[in-house]
Amino acid sequence: MPESPHSPRTAPAGGTSHAADASLASQLLAAARAVRGVLTGLSLSESLDRSPPDLRPAAQALSFHAMRQLGFAQTARALLAPRRPSDRLTEALLLLGLSLLEASRRQADGADQPPGTPVYAEHTLVHQLVQAADSDRHTRPAKNLINAVLRRYGRERDTLLPRILEKPLARWNHPDWWIDALRQAWPQDWEAILRAADLPPPMTLRANARQIGRDALLERLRQAGIAAGPVGAAGLILDRPRPVRDIPGFAEGWWSVQDTSAQRAGELLPLRDGMRVLDACAAPGGKTAHLLERHVLTLTALDSEDQRLSRVADTLQRLRLQSGDVRLRCADAADPAAWWDGQPYDAILADVPCTASGVVRRHPDIRWLRRAEDVVRTAALQARITDALWPLLAPGGHLLYATCSIFPQEGEWQIRAFLDRHPDAQRLPAPGQILPGGADQGDGFFYALLRKPEQAPR
């Protein structure tokens, strides 16, 4: 789910218009419902899909902010109301309100805040949160509690703040197990990684070489008043996120939205026209499309879910990438017996399932939905998939292993274990671990390029 290009209507510290007042309560309630979804185990995208279309942009911007400040808000709530509300929507309204109140105070203090941080006048915010609570039968009995907690935070914030920030959960806005894992894996970088996770990511495009060159696309954007700069081999970073249909060339298939780090997959896998290629975990199709933009291939795009595979088809159709022989198959990559035709592949892209710990800038709910045991589970799945795919690779062929993770169990450790199990595999130069928010502003990713020898060792 890309970062929303929309922002909620914000009010300057001195006040707001009555028109904004009239709609703010409904925006806050829609956002709180999305936050409640995450608290009960749903992804934020699933929760936002249930929002009324007219409220969705504001609900997304508000709930994204709440996810990025959830640890702080949970710690503050525990101090102010030690007994957690039994109703999860009431809890979500409180957490949303505390995160927004703190943003307002930081703004008043002149502190730096991420671009697009929603800021409202405090009295307006508290009033509208109480109005939001009063408008829903589940939260109506708790409107006085919400009012009391938020007003107390406003009065006592300066005293409460040091106590709140004593907790790593509040300081870093990640679960304790996640913080500990990064501290152990990246002793020099863990703080920068956690800080980067709370910054909205840039919007990056990848020019479709079949339709338009990057320089030509850059000029079209300039003519439309959109500032952008080149990154990587085919990318452009926009000055600010915006709706895709406000950018020239979306319907024409000139470009795709794709993070800089993700764009490396299409550049790393050594391909030539006519090769037989497998994209083993293809959905939603960005990397599949990039391969086909660069070469005419006999390509099989595999994914285990029909609904996700339909997104690959939609992507290829919009980008006009029907040249060559492209087949979409719904099957489990770890069970080739169910789908493989017996003909080896010249190249395999294995963008395997992972915890997605490298893309929390774009999906800030991930950190709250994952558990420590998920790292172990996904690592085991990755091993099964790569072991199953390796025999499908032709002699002299290449397999590119990729994850959008920053946990070494899903990256470097995984590949070292694979090489122990498959001594015939040759590891070639590739980026390895990419940490989020680096020089090219990309997400966290891991890449390893493996080559099968021309002849099996005797």
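The model is a predicted one, in which local features need pLDDT of at least 70 and side-chain atom pairs count only at pLDDT 80 or more, whereas totals for chains, interfaces and linings use all residues. Residues are numbered from 1 along each chain as its sequence is written, and side-chain values use heavy atoms, with hydrogens and water left out.

Gln 441 is placed in the loop between β10 (426–434) and β11 (445–451), where helices (H or I, at least four residues) and strands (E, at least two) are DSSP runs numbered from the N terminus. Although Gln 441 is not a glycine, its phi is positive, at about 65 degrees. Asn 173, also not a glycine, has a positive phi of about 55 degrees; Asn 173 belongs to the loop between α8 (168–172) and α9 and is buried, because its relative accessible area is 4%. Most residues other than glycine have a negative phi, and most peptide bonds are trans. The bond that joins Ala 283 and Pro 284 is a cis peptide bond, with omega at about 5 degrees, and Pro 284 falls in the loop between β5 (276–279) and α13.

## Helix α13 and other buried positions

Helix α13 covers residues 286–294 and is mostly covered, with seven of its nine residues buried. The buried residues in α13 are Lys 287, Thr 288, Ala 289, His 290, Leu 291, Leu 292 and Glu 293.

Arg 68, in helix α3 (residues 56–68), has 6% relative accessibility and so counts as buried. A polar atom of the Arg 68 side chain lies 2.6 Å from the backbone oxygen of Arg 361.

## Aromatic pairs

The structure holds eight aromatic pairs, a pair being two rings of Phe, Tyr or Trp (its six-membered ring) whose centres lie within 6.5 Å, with planes under 30 degrees apart counted as stacked, over 60 as edge-to-face and the rest as tilted. In one of them, the ring centres of Trp 177 and Phe 407 are 5.9 Å apart and the planes stand at 40 degrees, so this pair is tilted. The pair links distant parts of the chain, since Trp 177 is in helix α9 (residues 176–185) and Phe 407, 230 residues away, is in the loop between β9 (393–403) and α17 (412–421). Trp 177 is partly exposed because its relative accessibility is 23%, while Phe 407, at 2%, counts as buried. Ring pairs also bring in Trp 178, so that Trp 177, Trp 178 and Phe 407 are linked into a cluster.

Trp 390 and Phe 418 form an edge-to-face pair, with 5.5 Å from centre to centre and 85 degrees between the planes. Trp 390 lies in the loop between α16 (372–389) and β9, and Phe 418 in helix α17, so the pair ties together parts that are 28 residues apart in sequence. Trp 390 counts as buried at 3% relative accessibility, and Phe 418 is buried with a relative accessible area of 2%.

## Charges over rings

A charge is taken to sit over a ring if NZ of Lys or CZ of Arg is within 6 Å of the ring centre and within 35 degrees of the ring normal. The charged end of Arg 276 sits in this way over the ring of Tyr 345, at 4.5 Å from its centre, and Arg 106 lies over the face of Phe 72, 5.5 Å from the ring centre.

Two cavities of 30 Å³ or more are found in a search of the whole structure; a cavity is a set of points, on a 1 Å grid over the protein atoms alone, where a 1.4 Å probe fits but cannot get out, and lining residues have an atom within 4 Å of a point. Grid points are joined across faces, edges and corners, and a volume is the space filled by probe spheres set on the points.

The largest cavity contains about 60 Å³ of space. Its lining is made up of 13 residues, and those nearest its centre are Ile 193, Ala 197, Ser 357, Val 360 and Ile 406. Helices α9 and α10 (190–197) each supply at least two residues of this lining, and α10 gives the largest share, four residues. By class, the lining of the largest cavity has nine nonpolar, three polar and one charged residues, where Ala, Val, Leu, Ile, Met, Phe, Trp, Tyr, Cys and Pro count as nonpolar, Asp, Glu, Lys and Arg as charged, and the others, Gly among them, as polar.

Notes: Buried < 20%, exposed > 50% of the residue type's maximum accessible area, 1.4 Å probe, protein only. 1 Å grid on protein atoms, 1.4 Å probe; cavity = no way out; pocket = protein on both sides within 12 Å on 5 of 7 lines; lining within 4 Å. Polar contact = N/O pair within 3.5 Å; in protein donor to acceptor, adjacent residues only side chain to side chain.
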